[in-house]
Amino acid sequence: MSEIEKTLVMKFGGTSVGSAKALTNVLQIVRDARAEWPRMVVVTSAMSGVTNLLLDSAWQAIQGNIESLSDAKKALREKHFEAADALVQDAVLRKKAKSEIDALIFSFVNLCKAIAVLGEASPRALDMVASLGERMCIRLLTAVLKNGGIESRAIDSTEFIITNNHFQNAHPDFEVTTRKTRSVLIPLLEEGVVPITTGFIGATHEGVVTTLGRGGSDYSAAVIGAVLPADDVWIWTDVDGIMTADPRIVSSARSLPEITYNEIAELAYYGAKVLHPKTIRPVLDAGISLRICNTFNPSHPGTRLVANPAKGVKPLNGGQVIKAVTAIQKQRLITIEGRGMLGVPGVAGRAFAAVASTGTSVPLITQASSEQSICFAVPAESAEPVIKNLEKIFSNEILENDIDRVWMTEDVSIITVVGVGMIHALGVAGQVFSQLGKSNVNVLAIAQGSSEVSISMVVAAVDTENAVKALHQLIVK
C-alpha cells in the first residue's frame with residue numbers, strides 16, 4: 001500500500017473530549033497525526049458525564065418528573081458552549097456549532113416531555129435520547145478542528161453503521177455497513193477531509209437510531225477501521241494504555257507496552273475498563289493493528305495489541321508470563337446443590353436457561369466432578385431475581401429433595417490473572433494460590449479455560465484489594 005493510502009482511525013473517549021483543556025489536546029493530537037497519516041477518521045464519545053445526564057433525565061421523565069429538565073438543559077448548554085467559546089475563535093464556526101447543538105438539546109427536552117406524558121420509555125426511545133451526546137460532541141469537535149486549520153466534517157454514524165433492531169445493544173450488519181461506510185467516508189478521505197463521526201450509535205435498515213451498548217464507541221472505531229479498511233486504530237483514553245492492575249488498588253501498576261488479543265479479551269471480560277469487550281473481534285478478523293493511548297500524555301507509547309506474543313517468553317520469575325491482574329467486584333456466587341442431581345441430564349441446561357431468562361450474564365461457572373453442585377457468579381444486583389427464578393424452575397426437584405437448596409453468598413469479587421505465556425510455564429497455578437495463601441486470602445471458587453490464558457478465582461469482597469496486590473507481586477517490576 002502506498003504512503004498516501006495509509007488510513008488511521010482514532011477514537012477519543014468521554015474524558016478525552018470532556019473539557020476545553022482536553023479538546024485542546026485532541027486538536028494537537030490530530031494535527032500531529034496528520035503529518036504521518038494523510039487519511040484519518042475521528043470517532044468521538046459524548047463529553048464526559050453527558051450520556052449519564054441524558055439518561056438520568058429520561059428516567060426522571062418516566063417518573064413524571066420534568067422539573068429537572070431545565071437544569072439538564074442548562075448543564076448541556078454550559079458544558080458544550082463554554083468549550084466552544086474558549087476554543088472556536090471563528091465567529092461563523094462557533095455560531096453554527098452552538099446552533100446545531102442547541103437544536104439537539106431542544107430535541108432532548110421534547111423527547112423527555114413525550115416520555116413523561118406516556119409514563120414509560122421503550123428501548124428505542126432511550127437509544128434516541130442516549131445518542132444525542134455523541135451527536136452534540138461531533139459538532140463541537142468539528143468546529144474546534146476547523147478553527148485549528150484542519151479540514152473536517154461532522155457525520156452521524158447513523159448514515160453508515162447499519163444494525164439490527166436490538167435497541168440498547170445493537171449488532172452491525174457488516175455487509176451493508178461495509179458498503180455504506182466506504183461510500184460515505186472514502187470520498188471525504190480522498191478529498192483530504194477528516195470525517196468526525198459519532199461512536200456508540202448506528203441505525204436500523206429503516207433509519208431508526210440504535211446504540212451499540214454502553215462503551216460502544218470503542219466498538220464503533222473497530223468496526224469502521226475493519227470495514228474501510230484502515231491500517232491502524234488508536235483508542236485515546238485517560239490512562240497510559242493497558243495497566244498491569246487497577247492503579248487505584250496497586251500504586252505500582254504500570255502500563256504494558258504490548259499485549260495479545262487473547263489477553264486483552266480476557267481482561268476486558270473480567271473487569272478491565274480500558275477497552276470495550278466487543279472491540280477486539282473486528283480488528284482481529286481484519287488483521288488491523290490496535291493501540292491504546294493517553295490523551296493527557298500523548299508522548300507515552302501506550303499499549304500495542306498484537307495477534308501473537310513476542311518470541312522468547314520468560315519463565316514466571318523473569319516476568320511476562322502473568323501480564324495483569326484484574327477484579328470484577330459486586331458479584332454473588334449462586335450454588336445449586338443436591339445429591340439427587342447426580343447423573344440427571346439437563347440440570348445445567350435448565351439452570352442457565354433460567355438465568356438467561358432474567359437477562360443476566362454469567363461471568364464464571366464451576367461444577368464439582370461429582371455433579372452434586374453447580375456454582376456460578378452473577379452481578380449482585382441480579383442475584384435475587386435469579387434465585388427466585390431458579391427456585392421456580394426447580395420447584396419439583398426441591399420438593400422431592402433431589403435438590404437440597406439454591407443459595408447465594410454475600411458480595412464477592414472475581415480476581416483474574418492473565419497471561420498468554422502461562423500455557424508454556426510450569427507451576428503458575430501453584431504460585432498463584434501460594435501467593436494468595438501467604439496473604440491469608442481464601443479462594444471460594446476457581447475457573448480456568450482450556451486456553452490457559454487466564455485463571456479466575458472468587459474471593460470475599462473484603463479480600464479484593466489484598467488479593468490483587470498479592471498477585472501483582474508475581475509480575476516482575
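Colleague: Let's begin with Thr 44: which strand does Thr 44 lie in?

Modeller: Before that, a word on the source: this is a predicted model, where local features need pLDDT of at least 70, side-chain atom pairs count only at pLDDT 80 or more, and totals for chains, interfaces and linings use all residues. Residues are numbered from 1 along each chain as its sequence is written, and side-chain values use heavy atoms, with hydrogens and water left out. Strands (E, at least two residues) and helices (H or I, at least four) are DSSP runs, numbered from the N terminus. By that count, Thr 44 lies in strand β2.

Colleague: Is Thr 44 buried or exposed, and what is its relative accessible area?

Modeller: Buried means under 20% relative accessible area, exposed over 50%, and partly exposed in between, using a 1.4 Å probe and protein chains only. Contact means heavy atoms within 4.5 Å, and the residues Thr 44 touches, not counting those up to four places away in sequence, include Phe 12, Val 17, Glu 134, Cys 137 and Ser 217. Thr 44 is buried, and its relative accessible area is 0%.

Colleague: And which strands stand at the edges of the sheet that has eight strands?

Modeller: Two strands pair if DSSP finds at least two bridges between them. The eight strands form an open sheet with mixed pairing, in the order β3-β5-β2-β1-β8-β10-β11-β9. An edge strand has a single partner strand, so one side of it is left without a neighbour in the sheet; here those strands are β3 (152-155) and β9 (258-260).

Colleague: What does the twist average from one strand to the next?

Modeller: Axes are lines fitted to C-alpha atoms, for helices over the stretch in contact, and angles run from 0 to 180 degrees between N-to-C directions. Going from one strand to the next in the sheet, the twist averages 20°.

Colleague: Take β3 next: what is the bridge partner of Ala 154 in β5?

Modeller: β3 pairs with strand β5 (residues 194-198) in the parallel sense, over four bridges. Within β5, the bridge partner of Ala 154 is Ile 196.

Colleague: Which strands does helix α6 touch when it packs on the sheet?

Modeller: Helix α5 (residues 123-147) packs on this sheet, touching β2 (39-44), β3 and β5, and its direction makes about 160° with that of β5. Helix α6 (residues 174-190) also packs on the sheet, with its direction at about 130° to that of β2.

Colleague: Now the helices: is α2 roughly parallel or antiparallel to α3?

Modeller: Angles under 35 degrees count as roughly parallel, over 145 as roughly antiparallel, 65 to 115 as roughly perpendicular and the rest as oblique. Helix α2 (residues 50-62) and helix α3 (residues 69-87) pack at an angle of about 165°, their axes 10 Å apart. That makes α2, relative to α3, roughly antiparallel.

Colleague: How does α2 run relative to α4, parallel or antiparallel?

Modeller: The axes of α2 and helix α4 (residues 91-118) come within 7 Å and cross at roughly 30°. That makes the two helices roughly parallel.

Colleague: Which residues of α4 make the contact with α2?

Modeller: From α2, the contact is made by Leu 54, Ser 57, Ala 58, Ala 61 and Ile 62. On the α4 side, the residues are Phe 108, Cys 112, Ile 115 and Ala 116.

Colleague: Last one: how far apart are the C-alpha atoms of Ala 447 and Phe 167?

Modeller: Ala 447 lies in strand β17 (residues 443-448) and is buried, with a relative accessible area of 17%. Along the chain, Ala 447 and Phe 167 are 280 residues apart. Their C-alpha atoms are separated by 32 Å.
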